[in-house]
Amino acid sequence: MNSISFAALGFICLLATPVVAEPTTRSCDYKGDGQLGPLTIDFDEAARSVRVTTQDGRVYRYQDGVTGRIGPAAADDLGPVEQFVNLRPGRVEVGFRWLDDGSTGHLAYFDPAAFKTPGKHCVWSSLWVFATG
(Lines give C-alpha, C1' and ligand atoms only; values in the text may rest on other atoms or scores of the structure.)
Protein backbone atom coordinates (compact mmCIF):
# COMPACT_ATOMS: atom_id res chain seq x y z
CA MET A 1 0.00 0.00 0.00
CA ASN A 2 1.29 3.43 -0.80
CA SER A 3 1.28 6.42 1.53
CA ILE A 4 -1.85 7.91 -0.04
CA SER A 5 -3.79 4.71 0.70
CA PHE A 6 -2.59 4.76 4.32
CA ALA A 7 -3.60 8.40 4.67
CA ALA A 8 -7.05 7.69 3.19
CA LEU A 9 -7.49 4.68 5.48
CA GLY A 10 -6.48 6.78 8.51
CA PHE A 11 -8.95 9.51 7.55
CA ILE A 12 -11.78 6.97 7.15
CA CYS A 13 -10.98 5.49 10.58
CA LEU A 14 -11.02 8.97 12.11
CA LEU A 15 -14.46 9.66 10.65
CA ALA A 16 -15.77 6.30 11.90
CA THR A 17 -14.56 6.90 15.47
CA PRO A 18 -17.47 7.95 17.70
CA VAL A 19 -17.13 11.24 19.54
CA VAL A 20 -17.37 10.70 23.28
CA ALA A 21 -18.70 13.68 25.17
CA GLU A 22 -16.96 14.43 28.43
CA PRO A 23 -18.92 15.42 31.52
CA THR A 24 -19.39 19.17 31.74
CA THR A 25 -18.78 20.93 35.06
CA ARG A 26 -20.52 24.15 36.09
CA SER A 27 -21.03 26.18 39.21
CA CYS A 28 -24.78 26.52 39.80
CA ASP A 29 -26.85 28.57 42.20
CA TYR A 30 -29.05 26.58 44.56
CA LYS A 31 -32.80 27.14 44.90
CA GLY A 32 -34.44 25.10 47.66
CA ASP A 33 -34.39 24.42 51.40
CA GLY A 34 -31.14 24.82 53.28
CA GLN A 35 -27.91 26.60 52.45
CA LEU A 36 -26.31 24.11 50.08
CA GLY A 37 -25.14 26.41 47.29
CA PRO A 38 -23.40 27.36 45.28
CA LEU A 39 -23.10 23.85 43.89
CA THR A 40 -20.60 22.31 41.53
CA ILE A 41 -22.46 20.12 39.05
CA ASP A 42 -20.86 17.52 36.78
CA PHE A 43 -23.33 16.54 34.07
CA ASP A 44 -22.71 13.68 31.63
CA GLU A 45 -25.67 13.66 29.27
CA ALA A 46 -24.53 10.54 27.38
CA ALA A 47 -24.18 8.50 30.59
CA ARG A 48 -27.28 10.14 32.15
CA SER A 49 -25.18 10.88 35.21
CA VAL A 50 -25.09 13.90 37.53
CA ARG A 51 -22.63 14.54 40.36
CA VAL A 52 -23.38 17.37 42.81
CA THR A 53 -20.83 18.83 45.23
CA THR A 54 -22.15 21.18 47.92
CA GLN A 55 -20.21 24.18 49.23
CA ASP A 56 -19.26 22.17 52.34
CA GLY A 57 -17.85 19.32 50.23
CA ARG A 58 -20.65 16.73 50.37
CA VAL A 59 -21.03 14.79 47.15
CA TYR A 60 -24.31 13.40 45.79
CA ARG A 61 -24.43 11.15 42.72
CA TYR A 62 -27.34 10.30 40.47
CA GLN A 63 -27.13 7.85 37.59
CA ASP A 64 -30.22 6.73 35.75
CA GLY A 65 -31.34 3.23 36.70
CA VAL A 66 -28.78 2.70 39.47
CA THR A 67 -29.84 1.41 42.87
CA GLY A 68 -27.58 2.63 45.65
CA ARG A 69 -26.82 5.51 47.97
CA ILE A 70 -26.89 8.98 46.47
CA GLY A 71 -24.65 10.56 49.09
CA PRO A 72 -22.42 10.06 52.10
CA ALA A 73 -23.60 7.85 54.94
CA ALA A 74 -24.99 9.95 57.79
CA ALA A 75 -27.30 9.67 60.79
CA ASP A 76 -30.24 10.27 58.43
CA ASP A 77 -28.91 7.87 55.77
CA LEU A 78 -31.49 7.07 53.11
CA GLY A 79 -29.93 3.70 52.36
CA PRO A 80 -30.11 2.34 48.84
CA VAL A 81 -32.64 4.02 46.57
CA GLU A 82 -33.42 3.86 42.85
CA GLN A 83 -31.78 6.87 41.20
CA PHE A 84 -33.05 8.58 38.08
CA VAL A 85 -31.82 11.16 35.58
CA ASN A 86 -34.61 12.11 33.16
CA LEU A 87 -33.77 14.16 30.07
CA ARG A 88 -36.78 16.36 29.29
CA PRO A 89 -37.07 19.23 26.79
CA GLY A 90 -35.31 22.18 28.45
CA ARG A 91 -34.91 20.38 31.76
CA VAL A 92 -32.92 17.56 33.36
CA GLU A 93 -34.66 15.97 36.35
CA VAL A 94 -32.69 14.01 38.93
CA GLY A 95 -33.77 12.28 42.10
CA PHE A 96 -34.60 8.97 43.65
CA ARG A 97 -37.48 6.63 44.37
CA TRP A 98 -37.99 4.55 47.48
CA LEU A 99 -37.52 0.85 46.73
CA ASP A 100 -40.43 -0.34 48.89
CA ASP A 101 -43.27 1.60 47.23
CA GLY A 102 -41.73 3.43 44.24
CA SER A 103 -42.69 6.88 45.53
CA THR A 104 -40.40 9.79 44.69
CA GLY A 105 -38.27 10.80 47.64
CA HIS A 106 -36.46 13.70 45.98
CA LEU A 107 -36.62 15.65 42.76
CA ALA A 108 -34.32 18.39 41.51
CA TYR A 109 -33.91 19.89 38.08
CA PHE A 110 -31.72 22.18 36.01
CA ASP A 111 -31.57 23.53 32.47
CA PRO A 112 -29.12 21.49 30.35
CA ALA A 113 -28.51 24.55 28.13
CA ALA A 114 -26.49 26.02 31.02
CA PHE A 115 -23.93 23.27 30.39
CA LYS A 116 -23.74 23.93 26.65
CA THR A 117 -23.74 27.73 26.75
CA PRO A 118 -20.99 29.11 29.02
CA GLY A 119 -22.69 32.49 29.53
CA LYS A 120 -26.04 31.00 30.58
CA HIS A 121 -26.91 31.23 34.27
CA CYS A 122 -27.15 27.81 35.98
CA VAL A 123 -29.70 27.14 38.72
CA TRP A 124 -30.25 23.83 40.53
CA SER A 125 -33.85 23.77 41.83
CA SER A 126 -34.52 21.23 44.55
CA LEU A 127 -37.95 19.97 45.58
CA TRP A 128 -37.79 17.80 48.68
CA VAL A 129 -41.01 15.80 48.74
CA PHE A 130 -40.62 13.75 51.91
CA ALA A 131 -40.76 15.02 55.48
CA THR A 132 -37.55 14.82 57.48
CA GLY A 133 -37.37 14.42 61.20
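1. Strand β8 (104–110) is mostly covered, with five of its seven residues buried; buried here means under 20% relative accessible area, exposed over 50% and partly exposed in between, with a 1.4 Å probe and protein chains only. Strands, like helices, are DSSP runs numbered from the N terminus (E, at least two residues, for strands; H or I, at least four, for helices).

2. The model is predicted: local features need pLDDT of at least 70, side-chain atom pairs count only at pLDDT 80 or more, and totals for chains, interfaces and linings use all residues. Residues are numbered from 1 along each chain as its sequence is written, and side-chain values use heavy atoms, leaving out hydrogens and water.

3. The protein chain holds two helices and nine strands, in the order α-β-β-β-β-β-β-β-β-α-β. Of its 133 residues, 30% count as buried. The chain exposes about 8,300 Å², of which carbon and sulfur atoms supply 56%; these areas come from the Shrake-Rupley method with a 1.4 Å probe, and for residues only the protein chains shown count as cover.

4. Strands β7 and β8 run antiparallel and are joined by six bridges, where pairing requires that DSSP find at least two bridges between two strands. Gly 95 has Leu 107 of β8 as its bridge partner. The two strands form a hairpin with six residues between them, and Gly 102 in the turn has a positive phi of about 75°.

5. The largest nonpolar core has 20 residues, and those with the most contacts inside it are Ile 41, Val 50, Val 94, Phe 110, Phe 115 and Trp 124. Such a core is a set of buried Ala, Val, Leu, Ile, Met, Phe, Trp, Tyr and Cys residues joined through side-chain atoms within 4.5 Å. At least two of its residues come from each of β1, β2, β3, β6, β7, β8 and α2.

6. One disulfide is counted, defined as a pair of cysteine sulfur atoms within 2.5 Å. It joins Cys 28 to Cys 122, with an S to S distance of 1.9 Å. Cys 28 lies in β1 and Cys 122 in the loop between α2 and β9, 94 residues apart. The torsion about the S-S bond is about 70°, so the disulfide is right-handed. Both cysteines are buried.

7. The structure holds eight salt bridges, each a side-chain nitrogen of Lys or Arg within 4 Å of a carboxyl oxygen of Asp or Glu. One of them pairs Lys 116 with Glu 45, the closest N and O atoms being 3.3 Å apart. Because Lys 116 lies in helix α2 and Glu 45 in the loop between β2 and β3, this pair ties together parts 71 residues apart in sequence. Lys 116 is exposed at 57%, whereas Glu 45 is partly exposed at 36%.

8. Another salt bridge links Arg 88 to Glu 93 at 3.3 Å between the closest N and O atoms. Arg 88, Arg 91 and Glu 93 form one network through shared partners. Glu 93 is buried at 13% relative accessibility, and Arg 88 is partly exposed at 43%.

9. Two loop residues deserve a remark. Arg 48, between β2 and β3, has a positive phi near 50°. Most residues other than glycine have a negative phi. Thr 54, in the loop between β3 and β4, is buried at 5%.
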